[in-house]
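Open the structure in your viewer and keep the selection tool ready. We will go from stop to stop, and each stop says what to select.

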Amino acid sequence: MIDIDGAYDLHVHSAPDLFPRIADDRQVVADAAAHGFAGVVLKNHFEGTASRAKLAAREGGGLKVYGSLVLNRYVGGVNPYAVEAALRLGARIIWMPTLDAACHRRAFGFGGGFAAQSSGLETQSEGLSILREGRLIPEAREVMALARQHGAALATGHLSFDEIAALVAEAAGQGFRKLILTHPYDKAPGLDLEQVRALAMPHVRVEFVFCSITPNWAFTDAATIAHCIKTIGPARFVISSAGGQAHNPMPAEGYRRFVDLLHAEGIAGADFRVMCRENGDDLLHG
């Protein structure tokens, strides 16, 4: 087994939520601390988690707990005002639209949920895009500027390749070095290896998650992910669980299984130090 003590899980789902979750904030945090993690980021598709993170941190001992904000319709979409408030409350990751993204809507045929999991808020709406006539909307540029000002990371959520490419270019122009490409092999965004290679610039970290390979999702497999990591190089990657679903193991256990599966596919032990610890530490604190 690979030593992952001191790892960061940047993508953890917990209750309360509109999706069924295996555990609440405090239980997830206590379990991660028991597994030797250095920190976790709580994520919710429907509300910000910065305040929740501060309360849950009491269960973590020395474990650091961080909040985030997802820019779905429930917080006004790509809303700089909501972003500034979340960042001032301590959020460390801002996520572009997920369930309400136009790319998600096209991939799943509806917004607000997944084929494997219902929130009760599924919609047939067109979905949110950060491009207008092929260019980034001003709000997206402002959100990135706010993240840069506060030293936070910005994740691409369920945006399309063209939208992500526009963010990558904008980050280069702004000198922003904390852009996270979210689970590229999932149904949304549904990228291939060459697209990931094109986006994996020095100011971008590519996030692969355990949830992507679990039976109810099965968007990809460990061998395909390992091939991508070996092709591009581990310095560009972060490992997360995206765990917390009621039908999956606890996030910390899912993370551990993911690491072991990737190691079995030829990822060297030393590479996990970069992907699990150093890159997460840099994104949250650098």
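Select Pro-16. This residue sits in the loop that links strand 1 (8-13) to helix 1 (25-34). The peptide bond between Ala-15 and Pro-16 is cis, with omega at about 5°. Most peptide bonds are trans. Bear in mind that the model is predicted.

Select Ala-188 and Pro-189. A cis peptide bond joins Ala-188 and Pro-189, and omega is about 20° here. Where is Pro-189? Pro-189 lies in the loop between strand 9 (179-181) and helix 7 (193-199).

Next come two backbone angles. Most residues other than glycine have a negative phi. Select Glu-133. Phi of Glu-133 is positive, near 55°, and the residue is not a glycine. Look for Glu-133 in the loop between strand 6 (131-132) and strand 7 (135-136). Is Glu-133 buried or exposed? With a relative accessible area of 82%, Glu-133 is exposed. The cut-off for exposed is over 50%.

Move on to Ala-242. This residue also has a positive phi, about 50°, although it is not a glycine. Ala-242 is placed in the loop between strand 11 (237-240) and helix 9. Its relative accessible area is 5%, so Ala-242 counts as buried. The cut-off for buried is under 20%.

The structure holds nine salt bridges. Start with Arg-26 and Asp-24. Their side chains meet in a salt bridge, at 4.0 Å from N to O. Arg-26 is partly exposed, at 48% relative accessibility. Asp-24 is partly exposed too, at 23%.

Select Arg-205 and Asp-282. Their side chains form a salt bridge, at 3.7 Å from N to O. Arg-205 belongs to strand 10 (residues 204-209) and Asp-282 to helix 10 (residues 269-285), so this pair ties together parts that are 77 residues apart in sequence. Which of the two is buried? Arg-205 is, at 11% relative accessibility. Asp-282 is partly exposed, with a relative accessible area of 32%.

Show helix 9 (residues 251-264) and pick Asp-260 and Arg-256. These two form a salt bridge, and the closest N and O atoms are 3.4 Å apart. Both lie in helix 9, four residues apart, or about one turn of the helix. Asp-260 is partly exposed, with a relative accessible area of 26%. Arg-256 is buried, at 14%.

Then select Asp-25, Glu-47 and Arg-52. Salt bridges that share partners join these residues into one network.

Finally, zoom out to the whole protein. How many helices and strands does it have? There are 10 helices and 11 strands. The C-alpha atoms fill a box of roughly 50 × 40 × 35 Å along the principal axes. A compact globule of 286 residues would have a radius of gyration near 19 Å, and the 17 Å of this protein agrees with that. Colour by burial: 60% of the 286 residues count as buried.

Turn on the contacts. Take those between residues at least 6 apart in sequence: 76% of them join residues at least 24 apart. Show the surface last. The protein exposes about 10,900 Å², and carbon and sulfur atoms supply 50% of it.

Key
Residues are numbered from 1 along each chain as its sequence is written. This is a predicted model: local features need pLDDT of at least 70, side-chain atom pairs count only at pLDDT 80 or more; totals for chains, interfaces and linings use all residues. Side-chain values use heavy atoms; hydrogens and water are left out. Helices (H or I, at least four residues) and strands (E, at least two) are DSSP runs, numbered from the N terminus. The radius of gyration is taken over C-alpha atoms; the globule rule is 2.2 Å times the number of residues to the power 0.38. Buried means under 20% relative accessible area, exposed over 50%, partly exposed in between (1.4 Å probe, protein chains only). Contact means heavy atoms within 4.5 Å. Accessible areas come from the Shrake-Rupley method with a 1.4 Å probe; for residues, only the protein chains shown count as cover.
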